[in-house]
Amino acid sequence: MPTPAKPIPAVRLSPRESACLHWAAAGKTSWETGRILDISESTVNFHLRNASRKLQVRGRRAAVAAAIRRGLLHPITA
């Protein structure tokens, strides 16, 4: 008998974390995202690290994928 899937814990991303993930999903670097959001590159990295920690993943790509899977971020289409 298969074991039941564990429920995914609720995650709340801050508006800045969501914005940084959005631009990461669009392929922007931390420097470019910083220019867009008028914050420093290190602040962008700070928000991406926090989002990754909350989503329990390592790295911006994994954070983007996890956020999309959880419905926290809409996929970017060209």
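Ser 30, Trp 31, Thr 33 and Gly 34 of H2 are in contact with Glu 41, Val 44, Asn 45 and Leu 48 of H3, contact being defined as heavy atoms within 4.5 Å. By class, this contact of H2 with H3 comprises three nonpolar, four polar and one charged residues; Ala, Val, Leu, Ile, Met, Phe, Trp, Tyr, Cys and Pro are counted as nonpolar, Asp, Glu, Lys and Arg as charged, and the others, Gly among them, as polar. The structure is a predicted model, in which local features need pLDDT of at least 70 and side-chain atom pairs count only at pLDDT 80 or more, whereas totals for chains, interfaces and linings use all residues. Residues are numbered from 1 along each chain as its sequence is written, and side-chain values use heavy atoms, with hydrogens and water left out.

The protein contains four helices and zero strands, and its elements run α-α-α-α from the N terminus on. Helices (H or I, at least four residues) and strands (E, at least two) are DSSP runs, numbered from the N terminus. Of the 78 residues in the protein, 29% are buried. A residue is termed buried under 20% relative accessible area, exposed over 50%, and partly exposed in between (1.4 Å probe, protein chains only). The accessible surface of the protein amounts to about 5600 Å², and 56% of this surface belongs to carbon and sulfur atoms; accessible areas were computed by the Shrake-Rupley method with a 1.4 Å probe, and for residues only the protein chains shown count as cover. Among contacts with a separation of 6 or more, 54% are accounted for by residues 24 or more positions apart.

Two packed helices are described by the angle between their axes and the distance between the axes. The axes of H2 and H3 come within 8 Å and cross at roughly 105°. Axes are lines fitted to C-alpha atoms, for helices over the stretch in contact, and angles run from 0 to 180 degrees between N-to-C directions. H2 and H3 are therefore roughly perpendicular to each other; under this scheme, angles under 35 degrees count as roughly parallel, over 145 as roughly antiparallel, 65 to 115 as roughly perpendicular and the rest as oblique. Thr 33, one of the H2 residues that meet H3, is located in the helix spanning residues 30–37. With a relative accessibility of 1%, Thr 33 counts as buried. When residues up to four places away in sequence are not counted, Thr 33 touches Cys 20, Trp 23, Lys 28 and Val 44.

The axes of H1 and H4 come within 10 Å, with a crossing angle of roughly 105°. H1 and H4 are therefore also described as roughly perpendicular to each other. Their contact involves Leu 21, Ala 24 and Ala 25 of H1 together with Arg 60, Ala 63, Val 64 and Ala 67 of H4. By class, the residues of this contact divide into six nonpolar, no polar and one charged.

One salt bridge is counted in the model, the rule being a side-chain nitrogen of Lys or Arg within 4 Å of a carboxyl oxygen of Asp or Glu. The salt bridge joins the side chains of Lys 54 and Glu 17, at 2.9 Å from N to O. The pair links distant parts of the chain, as Lys 54 belongs to H3 (residues 41–55) and Glu 17 to H1 (residues 15–25), 37 residues apart. Lys 54 is partly exposed, with a relative accessible area of 29%, while Glu 17 is buried at 4%.

Further pairs of positions are described by C-alpha separations. Arg 53, a residue of H3, is exposed, with a relative accessible area of 54%. The C-alpha atoms of Arg 53 and Ala 63 are separated by 8.7 Å, the residues being ten apart along the chain.

Most residues other than glycine have a negative phi, and most peptide bonds are trans. Asp 38, which is not a glycine, has a positive phi of about 60°. Asp 38 is placed in the loop between H2 and H3 and is exposed, with a relative accessible area of 70%. For Gln 56, also a residue other than glycine, phi is positive and near 60°. Gln 56 lies in the loop between H3 and H4 (60–69), and its relative accessible area of 64% makes Gln 56 exposed.
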